[in-house]
Amino acid sequence: MATAPARPLLLLLVLAFLGAGAAGWQTKTVVFLLAGQSNMGGRGGATSGRGTSWDGVVPPECRPSPRILRLSPELRWEEAREPLHAGIDAGNVVGIGPGMPFAHAVLRSRRLPAHAAVGLVPCAQGATAIAAWSRGTHLYRRMLARARAALAQCPSPSPTPKGECHLAALLWYQGEADTISRRDADLYTARMEALVRDVRHDLNMPNLLVIQVGLATGQGKFVDLVRDAQKRVNLPNVKYVDAKGLPVANDYTHLTTPAQVKLGNMLASSYLATL
């Protein structure tokens, strides 16, 4: 039987435990923007038959989880499932991309607080050059509008009365379209740096983490020039993950489903190294 002096101590321990639980429920949904072109949009399993359909194969690393959310085309949070870019990457057949395996890897790391969720905001659009993402373009405005909606309509895990969201990073995989023209390849570094500066300024997040993916393939002959341009981006808190060498589908452009799973894990490792 506990002695009288021990009871206040026991009460304090119980309150501390309950407080820790409440703090857990108050943890933020950690939000990531996914932008770029088709390899971010995801073509894993969607390249056979001239890319007219997705094979529907969802590996374990991409299966739904109540702790992984996506912002829908209608700007509502919902449980994420493949294809993650359905309804976003307009006019294209979409399949597996790096987003879901990225989210699973982040959660598996246990580096996020208990009860935290990962919120994915798909924004990619296939066959787009970086100039199509510059400030004032439709894709740029859509990306920022989706980012703001994600933060404004933050999901709240019950019984929390109000959720909190934190925009953690922009994951960027783009550049294949800029390998067609020598001029576009030469301008890539400057355009990428301008994009990062503009996004940070317009979201009022001057230190927003940006993780860019080094090209595995391209649509033209200047792949090496664009890859070099990506590596020359010289801004703080911009990381580089290299997709070169990952398995490519028989269209010679898009990553396979296993490659996308690998890339998602690589992106997660890059993000987690910043924590």
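This briefing looks at the core, the pocket and the cavity of the protein shown above. The model is predicted, so local features need pLDDT of at least 70 and side-chain atom pairs count only at pLDDT 80 or more, while totals for chains, interfaces and linings use all residues. Residues are numbered from 1 along each chain as its sequence is written, and side-chain values use heavy atoms, leaving out hydrogens and water.

- In soluble globular proteins, nonpolar side chains tend to be buried together.
- Here the largest nonpolar core has 78 residues, and F32, L120, M143 and Y271 have the most contacts inside it.
- Strand β5 (residues 165-173) gives the most to this core, with eight residues.
- Such a core joins buried Ala, Val, Leu, Ile, Met, Phe, Trp, Tyr and Cys residues through side-chain atoms within 4.5 Å, where buried means under 20% relative accessible area with a 1.4 Å probe and protein chains only.
- Strands are DSSP runs of E with at least two residues, numbered from the N terminus.

**The largest pocket**
- A pocket is an open set of points on a 1 Å grid over the protein atoms alone, with protein on both sides within 12 Å along at least five of seven lines; lining residues have an atom within 4 Å of a point.
- The largest pocket holds about 220 Å³ of space.
- Its lining has 16 residues, and V30, H166, A168, Y271 and L275 lie nearest the centre.
- Strand β5 supplies the largest share of this lining, three residues.

**The cavity**
- A cavity is a set of grid points where a 1.4 Å probe fits but cannot get out.
- The structure holds one cavity of 30 Å³ or more.
- Residues L34, M40, G41, E82, L84, H85, G97, P98 and G99 line the largest cavity.

Notes
Points joined across faces, edges and corners; volume = space filled by probe spheres on them. Buried < 20%, exposed > 50% of the residue type's maximum accessible area, 1.4 Å probe, protein only. Helix = DSSP H or I, 4+ residues; strand = E, 2+ residues; numbered from the N terminus.
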